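Please keep the sequence and the structure at hand while going through the points.

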Amino acid sequence: MTLSRRSALGLIGAGIPLASAATRLGAETLAPPPSAGQQPKVYDEVGLEWVMDILPFCSEPEAMGDKSDQTAADGTRDILWPIVGGTFHGPGIKGEGIKGTVIPGGGDFPVVRPDGVQIIDALYRLKTDDGVQIIIHNKGPRYSSRKFRLLPTFNVPGKKYAWLRESVFVATLTYPIPPEIPVPDYGPKANGRLIQVFRIT
């Protein structure tokens, strides 16, 4: 049974709460919220699956222009970090593996929002060992002095790496790269980051 606008207005005029009327009409009622300290029932458990590590390297930062006026549409953008190369590798999904290089070009264009939060905003390309180019957009807030939490998105053609465009990911960024991780040499002024990418399952 559908409650018409005229009927609803009549119920309001009669002083009958619409919620009660909807209940009588068979509408579902919301469950009470969990009490403080009580965990909600999880109907679809979320997991994390490590799929790759990315090691992008940047040159020294470049100024975006006059440092006295760097107000942008979304905050303050005063520098950019050009990407000069790097590597990536990981198990991918189903153990098929993924590896390759970071293509020089693109960069990280960080912004400090009006609320003072610093946001990584990086756009660049990856190239797999079998010749497929992947566009990655990595964006997310500073978590601590040298750590960030990111939400990477990927654009890739074909079927082999379709899981990159069909999944949801989170990532961590650690700067600098931990010393125990072997890295390529991009010169004395290059600086790298460790980005660990996880697929939400």
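**Pocket, salt bridges and surface patch**

The lining of the largest pocket draws at least two residues from each of β5 (79–90), β7 (111–112) and β8 (118–128), strands being DSSP runs of E of at least two residues and helices runs of H or I of at least four, both numbered from the N terminus. This is a predicted model, in which local features need pLDDT of at least 70 and side-chain atom pairs count only at pLDDT 80 or more, whereas totals for chains, interfaces and linings use all residues. Residues are numbered from 1 along each chain as its sequence is written, and side-chain values use heavy atoms, with hydrogens and water left out.

**Largest pocket**

- The largest pocket holds about 270 Å³ of space, a pocket being an open set of points on a 1 Å grid over the protein atoms alone, with protein on both sides within 12 Å along at least five of seven lines, and lining residues having an atom within 4 Å of a point.
- Its lining consists of 16 residues, and W81, Q118, I120, R142 and F148 are those that lie nearest the centre.
- By type, the lining divides into nine nonpolar, two polar and five charged residues, where Ala, Val, Leu, Ile, Met, Phe, Trp, Tyr, Cys and Pro count as nonpolar, Asp, Glu, Lys and Arg as charged, and the others, Gly among them, as polar.

**Salt bridges**

- The structure holds five salt bridges, each defined as a side-chain nitrogen of Lys or Arg within 4 Å of a carboxyl oxygen of Asp or Glu.
- One of them pairs E49 with R199, with the closest N and O atoms 2.8 Å apart; because E49 lies in strand β1 (residues 48–58) and R199 in strand β14 (residues 194–200), the pair ties together parts that are 150 residues apart in sequence.
- D121 and R77 form another, at 3.1 Å between the closest N and O atoms, and this pair links strand β8 with the loop between β4 (75–76) and β5, 44 residues apart.
- Both D121 and R77 are buried, meaning under 20% relative accessible area, with exposed set at over 50% and partly exposed in between (1.4 Å probe, protein chains only).
- K160 bridges to D130, where the closest N and O atoms are 2.7 Å apart, and salt bridges that share partners join D74, R77 and D121 into one network.

**Nonpolar surface patch**

- M64, F109, L123 and I135 make a nonpolar surface patch of about 330 Å², patches being made of residues with over 30% relative accessible area and no salt bridge, with like charges joined within 9 Å and nonpolar side chains (Val, Leu, Ile, Met, Phe, Trp, Tyr) within 5 Å.
- M64 lies in the loop between β2 (62–63) and β3 (71–72) and is partly exposed, with a relative accessible area of 40%.

Conventions. Accessible areas come from the Shrake-Rupley method with a 1.4 Å probe; for residues, only the protein chains shown count as cover. On a 1 Å grid over the protein atoms alone, a cavity is a set of points where a 1.4 Å probe fits but cannot get out, and a pocket is an open set with protein on both sides within 12 Å along at least five of seven lines; lining residues have an atom within 4 Å of a point. Grid points are joined across faces, edges and corners, and a volume is the space filled by probe spheres set on the points.
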